[in-house]
Each structure stands twice: as structure tokens, then as C-alpha cells.
Amino acid sequence: MKKTKIYLGLAVLAVASIIMVSADHIDAPSTQGTTADIADFYGFEPTVGSDNTVFVVDLQSNVLPDLAYGTFDENVLVEINIDTNGDLIEDSVIQAIPRNGRMYFFGPAAPSQTGLDSEVLVDSPLGDVEISGSTAITETTSNGTMLFAGPRQDAFFFDFFQFNAVIGGMAPGGFKTAAEAENTFAGANTMSIVVEIPNSVIGNTTATNALGTPVYKTWVTTNVKQ
């Protein structure tokens, strides 16, 4: 196990390079309902025609004050994986890991290894930001990347009960209209990590979506310290 340490700027934090093992969403039973559980992943342009891309990783759905979790876990590394050549293997990653009330970001940079295991890219620091409470705190790095980490209301809209009725054969009318549907997760919170980064820093897009818009092939994983 590599034990390289670096100091980030003038911060007193030392971030060790640590071997991690990954899991995704609730597919892995050991992560469901834990601090490593991914709720949702979003990627979008902040405005039409923008030269930036926004990545949002939501962790720990249904965060409530009385739950045992609801804070970022220092043993969990979040990794945004980016495929830049179309082979569906990560060529570049953006990482985020908390320490002592701040979220530290690394990359975009080539991962030390692909697949399930990962390692903190301590030689490629991107920046850091204080983890927000009730007031949002953002930081902008020297290359124009904006960073945020903290609790936010869950943006995911899903009529869970109607969905179950449809797949259970109990809703012959099918799904409700947007105006009729009820958001089962209204009022729920998540722990969000947000990166708005210039496209020039990420590299060229490798695909197009259904609207013909150039897009990146990306996915997110959480990696728990072993």
C-alpha cells in the first residue's frame, strides 16, 4: 500500500494516497443506506452554449438530522469517471474526499488504475472548499473550476408508488402526467458534491445525446478505504 503524503497549499491537512475499493448505488448491498451510498449523478451545461460542464454527485438519500449518517465520510472517496476515447473505460477522473470540514478535489487526471480499485491522486490537486452548512460556500480555483460540498434538497423527482403500481400491473392507465405525479422524495435531502469545470480542462467530448448535443461519457463511483 502506497503511503505517499502531500500537504495541500498552506492547509494543515495531509492527504494520504490510499487504496480504495469501489461500489455503485444500491447495487452493492454493503453500501445501501451507508455514507457511501450514491443517490444520483447529474451532468449538464450550466447555461445553453456554456463552455463549462457541471457534475453533481448526491450521496446518502433521505438525509435527516436524526439519522446516524448525514455527513461526509472521510473513508469514502468519490470519483467522477470520464471516458475520453469511447471505450467505456475511465481515462480521466475527478476525485473528492473530505478531511476536517473541507472537501478536497483532485484531477482531472489519469487514474492510477481502472476498474473497481482506486487511489487518491495526491499529485494532481484541483482545489478544496469548506463543507457548507445552511449557507452555501463555494470556491473557484485558478483554472476557473467552481467547487461545492454540503447538504442540499434532493433534486430527484420520482413517483415511486405509481411506479410500483405500473410494474405490478395495478395501474392500467400507466404513469401519471407531470402535473398529476407526486414526488415521493419531496423534502428529502442529500449530501451533494458539485464541480463546475471548464470543458477545456476535461478535454473533447466523445458522444452525442438524443438531441445531437456533444456530451461526455461519465459515471461516478464511491470507494471505501480498505
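## Close-up views of a predicted model

View 1. Thr 145 is placed in the loop that joins strand E11 (139-140) to E12, where strands are DSSP runs of at least two residues, labelled E and numbered from the N terminus. The structure is a predicted model, in which local features need pLDDT of at least 70 and side-chain atom pairs count only at pLDDT 80 or more, while totals for chains, interfaces and linings use all residues. Residues are numbered from 1 along each chain as its sequence is written, and side-chain values use heavy atoms, with hydrogens and water left out. Thr 145 has a relative accessible area of 0% and is therefore buried (under 20% relative accessible area, with a 1.4 Å probe and protein chains only). Its side chain makes a polar contact of 2.8 Å with the side chain of Asn 143, the term standing for a pair of N or O atoms within 3.5 Å, one able to donate a hydrogen and the other to accept it. Beyond four places in sequence, Thr 145 is in contact (heavy atoms within 4.5 Å) with residues including Leu 126, Glu 139, Thr 140 and Val 195.

**View 2. The largest nonpolar core.** Such a core is a set of buried Ala, Val, Leu, Ile, Met, Phe, Trp, Tyr and Cys residues joined through side-chain atoms within 4.5 Å. Among the 23 residues of the largest one, Leu 59, Met 103, Phe 105 and Ile 193 touch the most other members. The strands that each supply at least two residues include E5 (52-59), E8 (102-109) and E13 (189-198), and E13 gives the most, with four residues. Leaving aside neighbours within four places in sequence, Met 103 is in contact with, among others, Phe 72, Ala 96, Ala 149 and Ile 193.

**View 3. The largest cavity.** A cavity is a set of points on a 1 Å grid over the protein atoms alone where a 1.4 Å probe fits but cannot get out, and lining residues have an atom within 4 Å of a point. The largest cavity has a volume of about 40 Å³, taken as the space filled by probe spheres set on the points. Its lining includes Leu 59, Phe 72, Pro 98 and Ile 193.

**View 4. The second largest pocket.** This pocket, an open set with protein on both sides within 12 Å along at least five of seven lines, has a volume of about 260 Å³. Of its 14 lining residues, Glu 45, Thr 53, Pro 214, Val 215 and Tyr 216 are the closest to its centre. E5 gives the most to this lining, with three residues.

Methods. Buried means under 20% relative accessible area, exposed over 50%, partly exposed in between (1.4 Å probe, protein chains only).
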